[in-house]
Amino acid sequence: MVMKQSRTSWEKHGGARVILALCVWGVLGMSRVQASESGAWNRLGSADRNERRMVMEEVLSMVERGGGGDLPVEAIRAIRDHAGRWEENSDKAILALGLLGDRSSMALVRSVWKECGQVGKNPLDDRIVLIPRMRKACVMALCKLGDAEAAAEVERLLDSDTPMEIAEGIECAAHGGAGRFAGRLATLLEDDRDAVNVAPSGAFYWLRVCNLAAAALVKAFPASQPEGIQPGVRWEKWQLEAFKVSARMADDEDALAPIERSQALDVSFEEDGDFQ
């Protein structure tokens, strides 16, 4: 009986020790994460190219979560330097500058955008494989920063006859602020051409232009999303019609004015009962 009480006591104390250890480990772990994030930019100047790549992923993740508001000037400078290196994840540095709202970096991003055209003329330049990502990142960042030329490029992509280019334009519009392109995006709700294959390699699951346009509009106007319909899937015709109705009934009427004016939002109810 005594042995049983002793064992029970040991188990209780042992459990307490384990719980305490887990708590301490969790606090220390959080501290390490915070310390890593706060000093991540400091390692962007590492001589190790692979470390720079991983650190830039950390930095962009932090900025996307809204954690870059109090970055020191040295951090912005380190991100700018990485953006101009033309190496893997330099495009993420450009996106970070746009998300940070760093208008003082606009000249640098414009320069990189222009350089994309020059690099593309030399098929022997190793940087040529980075051009699609770098160019798109520049357009996204500059559009986010309010650059008129980048906005014009987004409109050109949205007006393209090629679903692939339209899809890129929608992605840029969603990142840079889809509200200003709402009217054009609304007309794309009628485009049911396949645009992006989101299935794993070897499989097929195409999102159509209309699906991508609807997702961008939902991002800009969250109140327009119909209940129970997710933007990242292939919507059926009745779901698109429901989205149009929902957009017109959204709370923010002023913000949705460009969508209201679009003829694409004239809801037509199918006689065959497609809209349930």
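Trainee: Which hand does the crossing of H6 and H8 have?

Mentor: For handedness, look at which way the near helix is turned from the far one. In this predicted model, the crossing of H6 and H8 is right-handed. The contact draws on Lys-136, Val-139, Met-140, Cys-143 and Lys-144 from H6, and on Glu-168, Glu-171, Cys-172, His-175 and Gly-176 from H8. Sorted by class, that contact holds four nonpolar, two polar and four charged residues.

Trainee: At what angle do H6 and H8 pack, and how far apart are their axes?

Mentor: The angle is about 35° and the axes are 8 Å apart, with H6 covering residues 131-144 and H8 covering residues 163-176.

Trainee: At what angle do H8 and H10 pack?

Mentor: H8 and H10, the latter spanning residues 209-220, pack at about 5°, with their axes 9 Å apart. Angles under 35 degrees count as roughly parallel, so H8 is roughly parallel to H10.

Trainee: Which residues of H8 and H10 meet?

Mentor: On the H8 side they are Pro-163, Ile-166, Ala-167, Ile-170, Ala-174 and His-175; on the H10 side, Val-209, Leu-212, Ala-213, Ala-216 and Lys-219. By class, this contact has nine nonpolar residues, one polar and one charged.

Trainee: Now a single residue. Which residues does Lys-136 contact, leaving aside its neighbours within four places in sequence?

Mentor: Lys-136, which lies in H6, is in contact with Glu-168, Glu-171 and Cys-172. Lys-136 and Cys-172 are 36 residues apart in sequence, while their C-alpha atoms are 7.4 Å apart in space.

Trainee: Why is Lys-136 classed as partly exposed?

Mentor: Partly exposed is the range between buried, under 20% relative accessible area, and exposed, over 50%. Lys-136 has a relative accessible area of 24%, so it is partly exposed.

Trainee: How many disulfides does a search of the whole structure find?

Mentor: The search finds zero. To judge a cysteine pair, check whether the sulfur atoms are within 2.5 Å. For Cys-116, the closest cysteine sulfur is in Cys-138 at 5.1 Å, which is too far for a bond. For Cys-143, the closest is in Cys-172 at 7.4 Å, again too far for a bond.

Trainee: Is Cys-116 buried or exposed? And is Cys-143 buried or exposed?

Mentor: Cys-116 counts as buried because its relative accessibility is 1%. Cys-143 has 0% relative accessibility, so it counts as buried. Cys-143 is also one of the H6 residues in the contact with H8.

Methods. Residues numbered from 1 in each chain as written. Predicted model: local features only at pLDDT ≥ 70, side-chain atom pairs only at ≥ 80, totals over all residues. Heavy atoms only, no water. Axes fitted to C-alpha atoms, helices over the stretch in contact; angles between N-to-C directions. Helix = DSSP H or I, 4+ residues; strand = E, 2+ residues; numbered from the N terminus. Contact = heavy atoms within 4.5 Å. Nonpolar A, V, L, I, M, F, W, Y, C, P; charged D, E, K, R; others polar. Parallel < 35°, antiparallel > 145°, perpendicular 65-115°, else oblique. Buried < 20%, exposed > 50% of the residue type's maximum accessible area, 1.4 Å probe, protein only.
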